[in-house]
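Subject: Structure for you to look at

Hello,

Here is the structure I said I would pass on.

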Amino acid sequence: MGEQRIRQIVLDIISLVAPDADLSNVRDEVPLREQLELDSMDFLDIVMELRKRYRIEVPKEDYPKLASLASCVAYLGPQLQGHA
Amino acid sequence: MVDEQVVIIGAGMSGLAAGIRLAHFGKHVLIVEKHRIPGGLNSYYWRNGRRMDVGLHAVTNYVPVGRKQAPLPKLLSQLRLAREELDLCPQRWSEIRFPGCTLRFSNDIELLFSDVRDRFPGQVDRLRRLTQHVEAFDDKRLDVEPGSARQVLREYLSEPLLAEMILCPVMYYGCAREHDMEFVHFATTYKSIFCEGLARPRDGVQRFIGALVKRYKAAGGQLRLGDGVARLDVHGGRVRGVRLESGEELPCDLVFSCAGYYETMRLCSDVKEPPAAADLGRLSVIEAISILDRPPADFGLDAAVVFFNDAEQFPYACPSGPVETGSGVICCPNNFERHEDLPEGVIRSTALARYEDWAGLGDEEYARAKREWCERLSTRVESFAPGFREHVLDSDLFTPRTIHRFTGRLNGALYGAPQKLRDGRTRLDNLFICGTDQGLVGIVGALLSGIWMANLHVLARS
């Protein structure tokens, strides 16, 4: 799966979890929390939606790897292999 | 565990919210509701072809679209509900009326500050500082220190009447305890009323309940109406199964109860002793609903909600008789924005009442007491809306007994027991309390409670 597709998957989940967030200009390297005012409840939901939709388990110690879009793409890439 | 079977007792706001969260993330959830209509304390019934709302006066925590990091947008996103589905209409303004003094407030706190500046010289900066203190206070923590709201108010405001007036709406909309309020609950409710604001779903509470039930079912949740939980089978510190009033037995891995803490404990098969009366909530209400042939504004009642008190001291206690009409809350649905075209006028007036005076009455006495107190409460309301009683098309009264009958709350206690279980835990590993007795009250509070408890005890853990 391409990086752009993974990026879109993450953005789609964020738009569900935080529908008021402005996703038109998200920068890849800046922590999502800073750009989008996401809190711990939102992060829990991102993790839960990844599990629900793609059966990806993100253990608590890996939560920091979801900090920015770039780190999400790097972390989720291998796990999303096999999804169309 | 994806295959966990969850039973939720009660399809009130907190049960539906917990149900939506758990079903959305793959749990098998069954909500069991005794009543035929969901909603719990905030519900409705039909009378003479009209839908009568109970519970909901106004939804607190209203913020305009675009304001993030507030409880309302948070709960909508947690429940995956679009804001439009609730069709919330903000209030125009509300009033706190004490002898010789009225303060208005709206969804812009500056109106309150401006009225305080006019009526209480020197107090407005103190009230601003109190507001900053409340806004900075972290009311979401599980481990908050106990504290007295009255004491904090005394520290900030040097005018006792102003402190009483501020307490009045806050206690009516969020306090389960007599006389004083836990500071954390004061902070939550103060923010929800004054820093955020009041609104009403255009079609009343049915709109809210309908949206939640639809969302819950779409997430795969099951809802059983007209059947209550008769017993929780307890062995070895866990609930092993649930027996319904219909006789059916269901296995379960987890139980969430919004029936109230003591009410739930009484369902446990290993409990023999009923709770001590001292631990139960005592604050109940009557509410008169009057349907008018014209809007309440025609009688001078143009505020969305009026919180009144006939003395300089605001007592907030269980009355020493059936009803205390010296203080209360009057709500006019017509006085919210976009409600101009409601076909009829509605005045809902609420006053504190004592359950024991209503509980033991025979049918005839009960009917007579209802007529008498509906009359007496209307007389009190007439001082705010002279002449309205000649334009009443229909009226009805619900009492502490009605609350007990439809919600199962002991003593008809509107806001449950005075002592809250902030983390929702009970002595049983897999039984959690959400809703009123967890500590958050009101519609938004109950929804947040259901979300919070589902997240804390199930979703964040798995």
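In this predicted model, the largest nonpolar core has 59 residues. The residues with the most contacts inside this core are B:Tyr173, B:Phe186, B:Tyr190 and B:Phe194. Helix H6 of chain B, residues 160-172, gives the most to the core: ten residues. Domain 2 (92-196) and domain 3 (282-407) of chain B both contribute residues, so the core lies between these two domains.

Leaving out residues up to four places away in sequence, B:Tyr190 touches B:Ile109, B:Leu127, B:Leu130, B:Thr131, B:Val134, B:Ile166, B:Val170 and B:Cys195.

Now for chain B as a whole. Chain B contains 13 helices and 19 strands. Its C-alpha trace spans about 60 × 50 × 45 Å along the principal axes. For 462 residues, a compact globule would have a radius of gyration near 23 Å, and the 21 Å of chain B agrees with that.

How much of chain B is buried? Of its 462 residues, 60% are buried. Among contacts in chain B with a separation of 6 or more, 73% join residues 24 or more positions apart.

Regards

Technical notes: Residues are numbered from 1 along each chain as its sequence is written. Chains are lettered from A and ligands numbered from 1 in the order in which they are written. This is a predicted model: local features need pLDDT of at least 70, side-chain atom pairs count only at pLDDT 80 or more; totals for chains, interfaces and linings use all residues. Side-chain values use heavy atoms; hydrogens and water are left out. A nonpolar core is a set of buried Ala, Val, Leu, Ile, Met, Phe, Trp, Tyr and Cys residues joined through side-chain atoms within 4.5 Å. Buried means under 20% relative accessible area, exposed over 50%, partly exposed in between (1.4 Å probe, protein chains only). Helices (H or I, at least four residues) and strands (E, at least two) are DSSP runs, numbered from the N terminus. Domain bounds come from an automatic or database domain assignment. Contact means heavy atoms within 4.5 Å. The radius of gyration is taken over C-alpha atoms; the globule rule is 2.2 Å times the number of residues to the power 0.38.
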